[in-house]
Amino acid sequence: MNVKASRHSTGSSPISLQQLLIGKELLITEIPNELKEQLDLNEQIYSVRGIENGICRRCGNTDSRLFATFPHSACGENCLYCRHCIMMGRISSCSTLFGWKGENLGWSPELARLRWDGSLSFSQKEASEKIMEAVRNQMDLLIWAVCGAGKTEMIFAGIEEALFSGKRVCLATPRTDVILELAPRLRSVFPDIPIVALYGDSQEKQLFAPFVLSTTHQLMRYADAFEVMIIDEVDAFPYSFDPHLQYAVQKACKKDAAVIYLTATPSKQWQLEFQQGIRNGILLPARFHRHPIPVPTMKWVGNWQSSIQKNKLPNPLLYWLKTAIECKNPFLIFFPNIALMEKALPLFQGYAPEILSVHAEDSERKDKIMKLRRGEIQGLLTTTILERGVTIPKLNVAVIGAEDEIFTESALVQIAGRIGRSKDHPRGDCVYFHYGKTNAMLDAIQQINQMNREAVKRGLLD
């Protein structure tokens with residue numbers, strides 16, 4: 001059976017049980033009523049217990065503290081359920097997960113053709129060839145590429161290679177914002193192959209596609225689905241800190257799948273393994289446009305929290321804000337927590353009324369980011385939710401309270417990586433406003449300087 005071509009894979013035609021279940025394990029409540037009657041009649045369906053031997057099949061939880069019991073009227077027992085993945089629907093000891101063990105769905109190879117007329121830099125081409133090699137040989141590969149190196153363009157040929165050879169592909173990332181940014185870009189260069197984008201509010205969760213974009217949370221519904229797994233921002237929270245998300249990614253992969261890890265800021269352990277030749281990978285120290293990464297500066301602002309509580313912006317920050325407003329370029333100002341950000345918002349709006357704030361739980365988050373992209377507003381106050389996956393030309397950024405522990409070396413490098421990404425505007429301003437320098441700040445600046453030096457050494461900068 002072949003998958004029909006569809007630009008967005010959101011057609012209104014009825015979905016079959018095969019299309020719904022292939023590569024997934026779903027609760028009965030996740031299966032449409034018109035398909036439920038087929039479950040007992042179809043020999044290609046398998047079923048497994050949701051929780052067995054103290055392990056949640058969906059998220060891999062084994063922590064007894066994250067299990068609880070409830071009086072379940074359906075079975076008449078006090079059922080054990082998993083609290084860790086409750087947001088995806090309750091899974092209990094009497095729950096059944098249904099999967100597909102029959103024939104796979106195929107697609108016509110010509111649908112997988114890449115429609116992109118861009119070109120790759122020398123470093124991007126080298127990484128692209130490494131990715132294709134990993135896809136062919138079912139290998140793991142680390143792509144350590146600085147922010148703005150053009151990682152998305154590097155993966156195009158590898159995705160085409162996989163889809164053309166009948167391998168199902170998933171690009172996973174911890175952040176919804178990254179999915180929302182990547183989906184239109186990838187649909188434009190693979191216009192003929194069905195693609196679905198999965199995140200919390202996605203309307204495409206029941207659809208089958210050869211190419212899936214997914215947050216790592218949504219992969220909990222998948223099992224033995226993908227021959228190629230590309231994990232973008234592998235070091236990002238929450239994936240890097242949550243073994244359950246790492247379990248979900250592993251479960252979603254077929255045996256011997258090729259796993260491609262993309263990151264600008266690998267962990268110290270991964271950096272060491274790469275440098276010792278233990279971890280297969282490639283380092284790209286330069287951006288695609290051959291300009292150096294702008295190096296952040298540090299500015300002391302004193303007790304900035306006290307100033308904000310007194311309804312006053314610290315003078316160094318105020319000077320930066322006024323300069324940013326006058327130059328009319330977009331800007332982001334990062335805060336360590338929501339409460340302080342919301343307290344400060346009216347102070348910023350006193351100088352530019354259109355300034356808004358955004359955070360992970362903001363229901364208008366997508367609209368606010370789009371307003372910044374379109375130039376309808378000049379600036380956003382934000383938490384670390386926008387440290388990754390945001391590319392806006394001419395952007396400047398500031399971090400207020402850069403000494404806070406939430407601003408790790410990785411986070412600060414990523415924040416600095418928001419600026420200077422455009423070929424036409426390769427420069428930008430990034431300031432770490434602080435009440436005391438931290439090792440994270442110093443290490444972030446050192447890492448950026450090291451990458452620029454390595455890029456010069458390799459002749460990758462103009």
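Modeller: Two strands are said to pair if DSSP finds at least two bridges between them. The model here is predicted. In β13, the bridge partner of Phe226 is Cys253.

Biologist: Why is strand β13 described as mostly covered?

Modeller: A residue is buried if its relative accessible area is under 20%. In strand β13 (residues 253-263), 8 of the 11 residues are buried.

Biologist: What makes β1 and strand β7 a pair?

Modeller: At least two bridges are needed, and 2 bridges join β1 to strand β7 (residues 96-100). That meets the cut-off, so they pair. They run antiparallel, and the bridge partner of Leu26 in β7 is Phe98.

Biologist: Why are β1 and β2 placed at the edges of their sheet?

Modeller: The sheet is open and has 3 strands, in the order β1-β7-β2, with antiparallel pairing. β1 (26-27) and β2 (45-49) each have a single partner strand, so one side of each has no neighbour in the sheet.

Biologist: Why is Thr384 called buried?

Modeller: Its relative accessibility is 14%, and buried means under 20%. Thr384 therefore counts as buried.

Biologist: Where is Thr384, and which residues is Thr384 in contact with beyond its neighbours within four places in sequence?

Modeller: Thr384 lies in the loop between β18 (379-382) and β19 (396-400). With those neighbours set aside, its contacts are Arg175, Phe334, Phe335, Ile406 and Phe407.

Biologist: What is the volume of the second largest pocket, and which residues are closest to its centre?

Modeller: The volume of the second largest pocket is about 530 Å³. Its lining has 27 residues, and those closest to the centre are Thr152, Glu153, Arg185, Thr391 and Arg421.

Biologist: Which helices supply at least two residues each to that lining, and how do its residues divide?

Modeller: α4 (151-164) and α5 (176-189) each supply at least two residues of the lining. The lining residues divide into 11 nonpolar, 8 polar and 8 charged.

Terms used
Residues are numbered from 1 along each chain as its sequence is written. This is a predicted model: local features need pLDDT of at least 70, side-chain atom pairs count only at pLDDT 80 or more; totals for chains, interfaces and linings use all residues. Side-chain values use heavy atoms; hydrogens and water are left out. Buried means under 20% relative accessible area, exposed over 50%, partly exposed in between (1.4 Å probe, protein chains only). Contact means heavy atoms within 4.5 Å. On a 1 Å grid over the protein atoms alone, a cavity is a set of points where a 1.4 Å probe fits but cannot get out, and a pocket is an open set with protein on both sides within 12 Å along at least five of seven lines; lining residues have an atom within 4 Å of a point. Grid points are joined across faces, edges and corners, and a volume is the space filled by probe spheres set on the points. Ala, Val, Leu, Ile, Met, Phe, Trp, Tyr, Cys and Pro count as nonpolar, Asp, Glu, Lys and Arg as charged, and the others, Gly among them, as polar.
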